[in-house]
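Let's take a walk through this structure together. Keep the 3D view open as you read.

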Amino acid sequence: MTSPHRDRAGRPLVAVTGLGIVTSLGEGKEDNWAALTAGHSGVKRLSRFPVAGLKTTIAATVDFIKAEPFCAPALSQEMAMRAGVEAVGQAGIGAPGDFPGPLFIAVPPVEMEWPHRRALAEAGANGEDVTYATLLAGARTGKFREWYELFLFGTVAENVARRFGTKGSPISLSTACSSGATSIQLGVEAIRRGEAQAALCMGTDGSVHPESLIRFSLLSALSTQNDPPEGASKPFSKNRDGFVMGEGAAAVVLEDYDHALARGARILGFVLGCGEKGDNFHRTRSSPDGAPAIAAIEGAIHDAGLSPDDIDYVNAHGTSTPENDKMEALGLASVLGERMKSVPISSNKSMVGHTLTAAGAVEAVASLMTIATGRIPPTINYNVPDPAIELDVVPNVARDANVRYVLSNSFGFGGQNTCLVFSGEPG
Amino acid sequence: MDREIWITGVGMVSSAGVGVAAHLEALKNGDAPRVDNDSFAPYRVHPVVAVPFEQQIPKKADQRQMEAWQKLGVFAAGMALDAAGLKGDAERLGRLEMIVAAGGGERDYAVDGQILTQAPLSEHPAEMLNERLMSDIRPTMFLAQLSNLLAGNISIVHGVTGGSRTFMGEEQAGVDALRIAEARIRAGQADAFLVGGSYNAERPDVLLIYAMADYLWARDYAPVMERDAHGGGFILGSGAAFLVVEAADVARARGAKPLARLDAVASDMPARKSGSVAASLDSMWDRIAKGFNPSRGVVFSGASGAAGVTAEEQSVLAQRAGEAAVHITGDLFGHMVEPQFPAGVALAAAALSEGWYDDAVVTGVGHRRGEGTARLSRVD
C-alpha cells in the first residue's frame, strides 16, 4: 500500500470521475461539446407559453424533454436524472442504484404555478371572487394530493437520491445563481474531511414559466433584444443588455483520488480549490469595489495551492448583464493583474443562456471538458467590444490551447460568490 | 482534527415569545400555547407575537425590502449574534459562515385572487396572465420570495459575509444545516457558523400545500402527541431560530462563554415505511446518544403530529428517555418546519446553560421525509 495522495494542504485530493449534462443544446456531453465548440446557440423564441405582452420573448429552454403538463420541479427532476445517469454511468462507480456517497443537489426553489392555482380555484369555486380561501376549499376536496409532493422543497432531492441510491440525507441547496458551484463545493468538503469517498453533485433548473420570466424582467435583468434570439446573449459586449434564461442540468461525480485509483477509474480531472465570500452591499448588486468577488477568486486559487499566474483559462460567470460582466472583469483584473488581458476567458452563457441554479454545475462540466480536449469554447455574439472590458473573450470561434488550470466563477443575487479551480493533473 | 464545539449564542422568536428566555419561562410555567383558530379556519396556526423588529433591523428601508419570514429570521439571527457577543464585530462577522434552512417567500394574495377571478372570464387567459403579472407584481417581490434571500438579508443587515449557503427541504433542511456546520467545524474546515431558519405560518399559500394532502390539524386544539388517534396532523407556527456554533478553541480565545457543548448531530433519510422512523431514530440514538443520562437529561422533540411518524417517535422516546423530561416543542410554538430542529437545539442549549440539565438530546422528524438527532451537554 503506497501512502495516500494528498494536496498541498495535506488533504485528500478530489478527483472527477463522471460528468453528465443536459442543456438547450442537447442531452449528453458529446452533443453539448460539439455544439459549444461550434458556437451554436440554444436560445430560441418561447413556445412553451404565449408571449403576448412580454418584453422578453426568448429563452434557452429544454424542449426535447417532456414534462407535460409543464411544471418546473418535474422538468428539473427529469433533467437531473438524465445528467446523473450519464455521470454515474461514466464513473462506473458502485452498483446500479447503489452510489457509495452523499448527494448534493442545487434545485430551483419550488412554488405552485398558475395552472395549479387555476385548478384549485375551479375546484373550490363558490360563485364569489376567488381568494386563497377558495383555493383552500379546492385543496380540501382531496383531488390534488399528488401536487403536495410536487411542491415540497425536498422532493426532487429525495427522488434523485432514491434513483441513484446515494447515502445519507441528501442536501437540496440554493445559493441563487452560484448554486451549482456550491453543490460541488459541498462535495469537495465532504471528501476532504474524510466523511465520504465519493459524492454526487448536481445542479438542475427547468423553471422557465411566465411568472419566473416576468420576475427577472421586472428587475430589468433580461435581454430584450429578442430578434434574432440566438444573438441576445452577448457577454462582455458593449451592447449587452441582460441575460437570457436557460434550462439545464449537470452532474459531477467527485471521488477521493485514492479511491478512484484503487478501483481503476478513469480520472477526468480534479477540483483543486473552492472559494466563497458573501457580499452585504445590496440584494441584487455587487459591491462597487468588487471586494467580495475578488476574495472568492483569490480564495479558490489559494485553496488550490496555486498562484494567480497559474490560471490559464477562466470559465466566466459572464451573464451578459451590464453589471455582472463589468464587475467580473474588474475582479479578475484585480487578482490576475495585467496578465488578465491575455488570459482567455469565455462564457458558456452566450450559447446556453443562464441556467441559473444549474449554471455552476453546467460550467464545471464545460471547464473539465476544456481541459480534457484542449479546446476552449467561444463567447459568441461578440461583435461590439466594450472598451471598458479588456479581456480576451475567445470571440465567436473556439480555440485550441493547452489548458492546465481553469478558474470557474459563479455569482448570485443575495451576495453569493463561489469560485472553483479545476485541473487535469493532481496539483 | 476533532475539535470541541460550543453553542455561544441563540436567538428565537415564535408564538411563545421573543427571546429564548421567554421560551424557557413558558416551558417552566407550562403556559398554554397561543393559537389563532379563526384567521385560516378550519385550520389553526400559532401566530408570532408582536416583534420589536427595529431592535435588530434598525433601517426602515431594510424592513420594507423583506416579507415576514425574512424579517423574523433576520431578527432572530441578530439576537443570536448579540448573545454570542459578535454583533458589530466586523472582522469576525466577515469570516462567520452561514447555513440557513429556508423555504420560499410569500405572494401578493390580492393580485393572485384578482387574476384567478378574471381567468375563467377571459378569452385569452394566458395573455391576460402575462399582462397582469407585468403590471401588478412589485418588482422587489421576487427578492422577498427567493429562498437564499433570508441569508442575503442577514448579510446586509448584520454584516455576516464569510460565506452563505441555503438548504431547502422542509424540516430536514434545518437538521442538515446544523449537521454540515458541525462537521465542518469538527474537521477544521471552518471556525464558526450562524445556523438557523425562519417560517411564516400565517400565509394561506403555505397552508395550501399541506391542505392538499390533509396534513393540517383542523379539529379542536390538542397537544401533538394526542393527535394520532384522530388521524394526526400539525398546526403550523410562525417563528425563527438561529444559533452561533463555534469551535471551542476559537470561542475561548475571544473570551466567549458557552451555552452548551454540541457533541454530535446525525441525520438520515431512509425510505419511509412502517417502522422506518423508529428504526432511524434508534440507530441515530445508538450512534450519538448512547451514554445519555436520563436522571440529569432532557429531550426536546420537534415532533409535528403527523400521522404514524409522530407515534413512532413517541415510542422510541418512551424507551430511550427513561425518567428524563421530554418536551414537545410543537406544544410550545407549533410546527415551524425548517427552523423546528434549530429551535429545539436552541432551547436545549439555553436549558443546559441555566443548569436545569446536564445532558440533552434533540430530535427532528420530518412530516414527510428525514430524521435528525443532536446531542448536547452542559459545559462546566
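## Rings that pair up

Rings of Phe, Tyr and Trp (its six-membered ring) pair if their centres lie within 6.5 Å; planes under 30 degrees apart count as stacked, over 60 as edge-to-face and the rest as tilted. By that rule, there are 13 aromatic pairs over all chains. One of them joins Phe216(A) and Phe413(A), a tilted pair with 6.3 Å centre to centre and 50 degrees between the planes. Phe216(A) sits in helix α8 (residues 210-218) of chain A and Phe413(A) in the loop between β14 (405-412) and β15 (416-423), so the pair ties together parts 197 residues apart in sequence. Helices (H or I, at least four residues) and strands (E, at least two) are DSSP runs, numbered from the N terminus.

## A charge over a ring

A charge sits over a ring if NZ of Lys or CZ of Arg is within 6 Å of the ring centre and within 35 degrees of the ring normal. Look at Arg117(A): its charged end sits over the ring of Trp114(A), 4.6 Å from the centre. Arg163(A) lies over the face of Phe164(A), at 5.7 Å from the ring centre.

## The nonpolar core

A nonpolar core is a set of buried Ala, Val, Leu, Ile, Met, Phe, Trp, Tyr and Cys residues joined through side-chain atoms within 4.5 Å. The largest one here has 178 residues, and Leu254(A) and Tyr210(B) are among those with the most contacts inside it. Its largest share, ten residues, comes from helix α15 (residues 340-353) of chain B.

## Chain B as a whole

Chain B has 15 helices and 13 strands. Buried residues make up 67% of its 380 residues. Its C-alpha atoms fill a box of roughly 70 × 55 × 40 Å, taken along the principal axes.

## Where this comes from

This is a predicted model: local features need pLDDT of at least 70, side-chain atom pairs count only at pLDDT 80 or more, and totals for chains, interfaces and linings use all residues. Residues are numbered from 1 along each chain as its sequence is written, chains are lettered from A and ligands numbered from 1 in the order in which they are written, and side-chain values use heavy atoms, leaving out hydrogens and water.

Methods:
Buried < 20%, exposed > 50% of the residue type's maximum accessible area, 1.4 Å probe, protein only.
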